[in-house]
Amino acid sequence: YSFSRKEGWVEEAELFYKVGEEGELLFRGQTMRYSRGEWRGENLLCTGCHRTPPLYSLRAKEVVILPEERLVIKDLGLYIRNQKILEIPRYSVSLQNGRGGFSPDFGYKRNKGYYLRGRYEYPLGEHLLFLAQAELASLRGFSWGVDFLFTSPPWEARVFGDFYQGKDDTRGGYIRFRRGIFSFWGIFVDNEYVEMDDGPTAFSRRPQYVFSLQGGQKEGLSWETHWSTGRFREGELVLWREDLYLGAEWQNGPLGIRAFVWNTFLESGDSIPRFGGSVWWGKKVTPNFDLKLSYRFLDTEESPFSFDPERENLLALEFRWGKEWGSFLRARGEYNLETTQLDEVTVGLGLGGKEFSLGVEGVYSFPEREWTERRYFVRKKIEDCVEVEASFWEPDQSFFLSLNLVGLDAGKKKPETLFEEKQEFSIFEMGRNELQ
């Protein structure tokens, strides 16, 4: 290893790489070289399994490891034990948590029927990446999407299209610039689908320009401000709108406070003022007991756009005893300070251990006086590197089967639970979603 050049090599090498909380990847190669933050291996085996021979492995003539970013694999072979079952000339896998994945999804939903969904990434060069995803559903037919992503810091650009049977296609792109505390988005998209309580809704923003300043520390005080201007369309409604957002957050260990003001100015002359915030406190009381208390509120007038946030004033208490994979008892209650009544309680119970467990979750609505949602699940860990979960949802009558290759499927297919907090949609950025 040369300290002056910051590069080196090793033969008959093994490298362990931690991937979020999902596990770790083992790289075993004939030769591994390190240069300027990049690992490159020849005749390499990659697996999340610790046993020999591994239950699954990817074997390739060459693998480039970009830490915290992705794997780029050439002449890829997928092996079960020592038997090759698939060969791909070139493949790329994201190492960022919640993005990327190798194995497909299979499930059943009432609005889709049985479906099979997969994803493929192919690097076209140092800065250009091709992504493709496809879904075959018994009720919706075939849907597919393609992305071309260009990254050369501080610039990022993407063009994309999602093509459906029976509903409008999504087409668009964006340009992003980010340096220091400043960032800029230029967004052009038709029929962007956003998941709402009653299903996905489509809107267009073409064009939209967003200028942002963000600073501070994760632990301590942080702040952000956004100014957006653009033409938005939802159904028959077409309006030019400008948004100004100012927010600040303070985090000190388990305690956090967030506050913001946000005003929307419509070309009709109307404005929609908002102010809100949240306070939360969470602590691991014991190694097996977590407790979280939170309060959030938002004061706003009604917006003509369905994707804008609605008024809320909620106090929530949540606890969990045990581990997610194994035996646990979990509950969360929300008290609506607007109506001065308990809105709903979500409870969950799991029995078993790390290798095999089963359980049930449910949501009880006090205004409706009934269990509005239920989920039954079975989890099985095969050896130490393959996780399988089967879930059945009521009243949707939906079935979902999740197969995770630990390390390679970096959080993408973690089964949804009734405790999952709804992700807030933000008009100040552009996020690419799975096929809707």
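1. Everything said here refers to a predicted model. Is Arg332 buried or exposed? Its relative accessibility is 12%, and because buried means under 20% relative accessible area, Arg332 counts as buried. A polar atom of the Arg332 side chain lies 2.9 Å from the backbone oxygen of Phe419.

2. For the chain as a whole, the count of secondary structure is 26 strands and zero helices. The protein chain has 436 residues, of which 43% count as buried. Among contacts with a separation of 6 or more, 40% are made by residues 24 or more positions apart. The chain exposes about 23500 Å², and carbon and sulfur atoms supply 55% of that area.

3. The aromatic rings deserve a careful look. A pair of aromatic rings is described by the distance of the centres and the angle of the planes. How many aromatic pairs does the count come to? The count comes to 28 aromatic pairs. One of them joins Phe203 and Phe425, an edge-to-face pair with 5.6 Å from centre to centre and 80° between the planes. This pair links distant parts of the chain, since Phe203 belongs to strand β14 (residues 199–216) while Phe425 lies in the segment after β26 (398–405), and the two are 222 residues apart. Phe203, at 2% relative accessibility, counts as buried, whereas Phe425 has a relative accessible area of 28% and is partly exposed.

4. Phe211 and Trp227 give another example, with ring centres 5.7 Å apart and planes at 25°, so the pair is stacked. Here too the pair links distant parts of the chain, with Phe211 in strand β14 and Trp227 in strand β15 (residues 220–234), 16 residues apart. Phe211 counts as partly exposed at 35% relative accessibility, and Trp227 is partly exposed with a relative accessible area of 35%. Both residues also belong to a cluster in which ring pairs link Phe184, Phe188, Tyr209, Phe211 and Trp227.

5. Two residues lie between the strands in the hairpin of β15 and β16, where Gly235 takes a positive phi near 65°. Strand β16 also pairs with strand β17 (residues 255–266), in the antiparallel sense and over twelve bridges, and Ala248 has Ala259 in β17 as its bridge partner. The hairpin of β16 and β17 likewise has two residues between the strands, and Gly253 takes a positive phi near 65° there.

6. Most residues other than glycine have a negative phi, and most peptide bonds are trans. Which peptide bonds are cis? The bond from Pro153 to Pro154 is cis, with omega near 10°, and Pro154 is found in the loop between β10 (141–152) and β11 (155–163). The bond from Arg206 to Pro207 is also cis, with omega near -5°, but Pro207 lies in strand β14.

7. Two asparagines complete the note. Asn43 is not a glycine and yet has a positive phi of about 50°; Asn43 lies in strand β3 (residues 38–47) and, with a relative accessible area of 45%, is partly exposed. Asn191, again not a glycine, has a positive phi of about 60°. Asn191 is found in strand β13 (residues 182–196), and at 14% relative accessibility Asn191 counts as buried.

Note on methods:
Residues are numbered from 1 along each chain as its sequence is written. This is a predicted model: local features need pLDDT of at least 70, side-chain atom pairs count only at pLDDT 80 or more; totals for chains, interfaces and linings use all residues. Side-chain values use heavy atoms; hydrogens and water are left out. Buried means under 20% relative accessible area, exposed over 50%, partly exposed in between (1.4 Å probe, protein chains only). A polar contact is a pair of N or O atoms within 3.5 Å; within protein, one must be able to donate a hydrogen and the other to accept it, and residues adjacent in sequence count only if both atoms are side-chain atoms. Rings of Phe, Tyr and Trp (its six-membered ring) pair if their centres lie within 6.5 Å; planes under 30 degrees apart count as stacked, over 60 as edge-to-face and the rest as tilted. Helices (H or I, at least four residues) and strands (E, at least two) are DSSP runs, numbered from the N terminus. Two strands pair if DSSP finds at least two bridges between them. Contact means heavy atoms within 4.5 Å. Accessible areas come from the Shrake-Rupley method with a 1.4 Å probe; for residues, only the protein chains shown count as cover.
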